[in-house]
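Hi,

Here is the structure I promised to pass on. Have a look at it first, then read on for what turned up.

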Amino acid sequence: MRRLSRRTLLAATTATAALSAGPPAASAPARPGGKRLHTGFERLAADGYALLDGERVGIVTNPTGVTRDARHIVDVMHADDRVNLTAVFGPEHGFRGTAQAGGSEGRHDDPATGLPVYDTYLKSGQPLADIFTASGVDTVVFDIQDVGARFYTYIWTLYDCMEAARLAGRRFVVLDRPNPVTGRSAQGPVLHKEFATFVGREPISQAHGMTVAELAMLFNREFLAAPVPLDTVRMSGWKRSDFYDTSGLPWVPPSPNMPTPDTALVYAGTCLFEGTNLSEGRGTTRPFELLGAEGVDRRWAEEAGQLGLPGVHFREAYFAPTFSKFQGKTVGGVQIHVHDRVAFEPVRTGIALLVTARKAWSGFAWRPDNWIDKLTGSTRVRTMIDAGATADEVVAGWQDDLAAFRRVRKEYLLYR
């Protein structure tokens, strides 16, 4: 395949998005301030699916692929003669969302529509390309709600599916949705390539501050071996400073432990506790907002509170997870209370909580497999904390890498 220049690709992508967008749906309710947000799917549908005309379409989606009246887009498209939807591709947790973390629904026919559902989880490269080929689709569409963190695997499902579509000679279309924690800036350490896994394939920052359409454009030009034929359908009415509750869209948990937009707000920082022997709150009603372990007491909340971190308070908390770490045991720890979400810095807060947990609890330990290195993207965070660095010193250690990523990121931002 001929490698397109960046200028040519960006111009083509922008033009196609503008053509495919069509008029916004008249039924969308106004957000606070009178503005209306329209997702990529809404704009695609309002244009009569013209971008997909004459194509056999397969869609990569999950329970978050819904309209604002909470209908699944697969059900909507299947019932519409203007689009020829012939296959569905399910990621981790499955197309209908029946599987827990680390699981999928396997190959089956969807009971509601009769469409064949193919399992993409943990598949990439030529094996995934072979699935696209076997499905008979001409175009692969992607529509999944992301949460803004590098280690949330759906953006790497996007990456893997783009590469597989390229190998299979298929076109790829991304329908955009909001970054629920805003797109104001990129934060946190940038992945070092030697630490690439499914929780981070390529060197982007821990909180990327991008939408999935923006990420798709970045992946296509910066990381894929060669570009896939890519179209993006932009949102209208979204600003980079917007949080999810301004969208007018229903929140559907993208995964079982992402129950609310509040979870997404802290996730880019507190998911780091997956790399420790402390509970990250799985098995509670407040995953990633509750953190703790047996033997932790009030001293951790006191230590964290003394740092004066912006936008957040820490409460001494006790809880008993119903599954995962410390199942059925009462543990002590902290609950994170974000009182100013604009000022709140999730990655810096997550690092500060690691530093203070290690100081306040003698039982603190990293997971034996050093999973923390996969989550942060290098050994730097772990080794600096072990050496006694403060949170501010750890944060300072990644600023050069972050500045370089921010310069690249800026080229692919679609919204102000």
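The lining of the largest pocket is made up of 15 nonpolar, 5 polar and 6 charged residues. Bear in mind that this is a predicted model. The space in that largest pocket comes to about 410 Å³.

Next, a bit of sheet. Strand 9 covers residues 230-233 and pairs with strand 6, residues 171-175, in the parallel sense, with 4 bridges between them. One of the links is Leu175, whose bridge partner in strand 9 is Val233. Which way do the residues of strand 9 point? Leu230 and Thr232 go to one side, Asp231 and Val233 to the other.

As for the chain overall, it has 13 helices and 12 strands. The C-alpha trace spans about 65 × 45 × 45 Å along its principal axes. The radius of gyration is 21 Å, which agrees with a compact globule, because a globule of 416 residues would come out near 22 Å. Of those 416 residues, 58% count as buried.

Cheers

Methods
Residues are numbered from 1 along each chain as its sequence is written. This is a predicted model: local features need pLDDT of at least 70, side-chain atom pairs count only at pLDDT 80 or more; totals for chains, interfaces and linings use all residues. Side-chain values use heavy atoms; hydrogens and water are left out. On a 1 Å grid over the protein atoms alone, a cavity is a set of points where a 1.4 Å probe fits but cannot get out, and a pocket is an open set with protein on both sides within 12 Å along at least five of seven lines; lining residues have an atom within 4 Å of a point. Grid points are joined across faces, edges and corners, and a volume is the space filled by probe spheres set on the points. Ala, Val, Leu, Ile, Met, Phe, Trp, Tyr, Cys and Pro count as nonpolar, Asp, Glu, Lys and Arg as charged, and the others, Gly among them, as polar. Buried means under 20% relative accessible area, exposed over 50%, partly exposed in between (1.4 Å probe, protein chains only). Helices (H or I, at least four residues) and strands (E, at least two) are DSSP runs, numbered from the N terminus. Two strands pair if DSSP finds at least two bridges between them. The radius of gyration is taken over C-alpha atoms; the globule rule is 2.2 Å times the number of residues to the power 0.38.
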